[in-house]
Amino acid sequence: MRKVASCSALSVFDFHTNIIQQKLLFLSRRGLSDVITSKSSLQLHSHLNLDSFVSTLIVALNSCSRVSYCQAFHARVIKSVSYRHGFIGDQLVTNYAKLGYPDDAQNLFDEMPKKDLVSWNSLISGLSRSGFTTRCLRAFSRMRFEIDMQPNYVTFLSIISACSAKGALSEGKWIHGFAVKLGMLNEVKIMNALINMYGKSGYLHEACWLFEAMPLQNLVSWNSMIAIYTQNGFAVESMGIFITMRRAVVEFDQATVLTVLQACENLGVRNLAGSIHGLILRFGLIANVSVATALLNLYAKLGCLLASSKVFEEITYLDGVAWTAMLAGYAMHGHGKDAIKLFEVMVKKGIQPDHVTFTHLLSACSHSGLVNEGKHYFKIMSEVYGVERNLDHYSCMVDLLGRSGLLNDAYELIRHMPMEPNSGVWGALLGACRVYVNTELGKEVAERLFSLDPSDARNYIMLSNIYSAAGLWREASKVRVLMKERCLNRTPGCSFVEHGNKIQRFVAGDRSHPEAERIYNKLEELIGKIRKAGFMSKTEFVLHDVDEEIKKNMINEHSEKLAIAFGLLVTDAALPLIITKNLRICGDCHSTAKAVSLIEKRTIIIRDPKRFHHFSEGLCSCGDYW
């Protein structure tokens, strides 16, 4: 027998049964009191109200959020009705699975005396939606080979969905073949589910073949194709499908726009983002808070913080996700004080911050060097707002303390964490060791990272750079040898500039660009100007044991400098020059960008994996703190 239901669960049920009692009173007032008096008439009366009773029960079940409530309703069903009445047994099975209790769902299913296709579908769909793929496939196998019951399209949708969610492609292919055998591919929903399954597993050719084989694609079909190409890193192809969809006069919806905005982010083309923004306005989707939030997030990540804040200001009904997205934008651009102001307005308006909000708030404090403010919010997040600290919050605090030179404090914070620190937490401290050239602590932290993730080349490079900056060339060489032994490769530094609706890519010393001669001439001119103004190359950032002159030549041809020279040649002087980097900007390039912004009177924005640097009039928004 199942656990006795809680009083609170029974009280919820009693609330719903009160409705039945009210209906009984209503009937008695309608002249049926004589029917209620006799025992046989009372039984008939109860029978007449059984459907209403079961309907009320099903409504209550569908709103169940706790298994104790579900168990309470289950107990009443055992006392009052049959499992088959109004498919109440099937509803209970689905609910147990939905609430994460597959054993209870399976046990109840096995207890039910008569099971039809609806019953099997209830079990299979419940297990599928809750992520119990193996159990779902086992139930399908029992249905086919033990009971010999024929599945319908609902069964197939649940099974394909389960295979798709867990990447069970071999099982999915078998289901696909079975669907072909039963002639189920004329169902558009099944074709869409198969497209999604193959796409999520990276089999884009198969997904595309299925899409083209459909006699008529619906909106879900188009959305699935756009989504799977975006998810697999083919943003250009994804946008191509969207353009084809528009030419086919298929109206798009919120799901289409959200995926297209993600593709725009992957491409990094601001002009394209502006075009999509225009479509959103034209079709009235800007009123949708999810779309508007995705748009402001896209602008922030493309370096257009002003456009991002304008979208935010135009949202009529701001939810917590929108507030957090704007706060994240301020954080990544190094506007820590603006992030704090926004947070305070947010809580005054009654919006409850969550763990994501605090991650971005602490990140904003870190990027702006706001140590006291960061400590304050780290303390009150659980005390005042009831948000439990997680690994991301500790990582932000370690980064904040480490970047401020408080390496010992950061180390002590890690030692007293209530959970085991992960690579993100230790990585934040290793980055601080590199900034402050702390070889002893850096070695200890790096060794912990090597044990956590031996295949992450970044940790080896970081330790090697710490040794090189300290002039410990032999130790640096040993780390490089260890990388070779473990077959780990360094990711080359790249810088990207948008021009002519295309992304131009630069690497250090690259002369393959069609405009290479002009670029290098412009770079030489810039270096001459800034040296005349008193700027000298910071060769300590060249982490190789070579002559000083060679160091100067190497550092002057970094990808950031080539991107700056190219950008100054081709972009409008009235607009900011925006550059994206795949690695952290080096100290010399940071100083060069400040000097160029002053001499050329240009705003330069450089985004690295962590944040944006806004260079203007010889200063950087990070305050030389990054």
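1. A side-chain oxygen of Asn152 comes to within 3.2 Å of the backbone nitrogen of Val154, at the start of helix α9. The structure discussed in this note is a predicted model, and the contact at Asn152 should be read as a feature of that model.

2. Helix α9 itself covers residues 153–166, 14 residues in number. From its first C-alpha to its last, α9 reaches 20 Å, which is close to the 20 Å expected at 1.5 Å a residue. Just after α9, Gly167 adopts a positive phi of about 65°.

3. The buried residues of α9 are to be noted next. Thr155, Phe156, Ser158, Ile159, Ile160, Ala162, Cys163 and Ser164 are buried in this helix. In general, an α-helix has 3.6 residues a turn, so residues three or four places apart point the same way. Within α9, Phe156 and Ile160 are among the buried residues.

4. Several helices take part in covering these positions. The cover over the buried residues of α9 includes α7 (117–129) and α8 (133–145), and also α10 (169–181) and α11 (188–200).

5. How many cavities of 30 Å³ or more does a search of the whole structure find? The search finds one. The largest cavity holds about 30 Å³ of space.

6. The lining of the largest cavity consists of Phe242, Phe252, Val257, Val260, Ile276, Leu279 and Ile280. Helices α15 (254–267) and α16 (270–282) each contribute at least two residues to this lining, and the largest share, three residues, comes from α16. By class, the lining has seven nonpolar residues, with no polar and no charged ones.

7. A further site is the second largest pocket, with a volume of about 430 Å³. Its lining is made up of 17 residues, and those nearest the centre of the pocket are Arg270, Asn271, Leu575, Pro576 and Ile578. Two or more residues of the lining are given by each of α16, β1 (494–499) and β3 (577–581). Strand β1 gives the most, with three residues.

8. In composition, the lining of the second largest pocket divides into eight nonpolar, six polar and three charged residues, whereas the lining of the largest cavity has no polar and no charged residues.

Conventions: Residues are numbered from 1 along each chain as its sequence is written. This is a predicted model: local features need pLDDT of at least 70, side-chain atom pairs count only at pLDDT 80 or more; totals for chains, interfaces and linings use all residues. Side-chain values use heavy atoms; hydrogens and water are left out. Helices (H or I, at least four residues) and strands (E, at least two) are DSSP runs, numbered from the N terminus. The expected span of a helix is 1.5 Å times one less than its number of residues. Buried means under 20% relative accessible area, exposed over 50%, partly exposed in between (1.4 Å probe, protein chains only). Contact means heavy atoms within 4.5 Å. A polar contact is a pair of N or O atoms within 3.5 Å; within protein, one must be able to donate a hydrogen and the other to accept it, and residues adjacent in sequence count only if both atoms are side-chain atoms. On a 1 Å grid over the protein atoms alone, a cavity is a set of points where a 1.4 Å probe fits but cannot get out, and a pocket is an open set with protein on both sides within 12 Å along at least five of seven lines; lining residues have an atom within 4 Å of a point. Grid points are joined across faces, edges and corners, and a volume is the space filled by probe spheres set on the points. Ala, Val, Leu, Ile, Met, Phe, Trp, Tyr, Cys and Pro count as nonpolar, Asp, Glu, Lys and Arg as charged, and the others, Gly among them, as polar.
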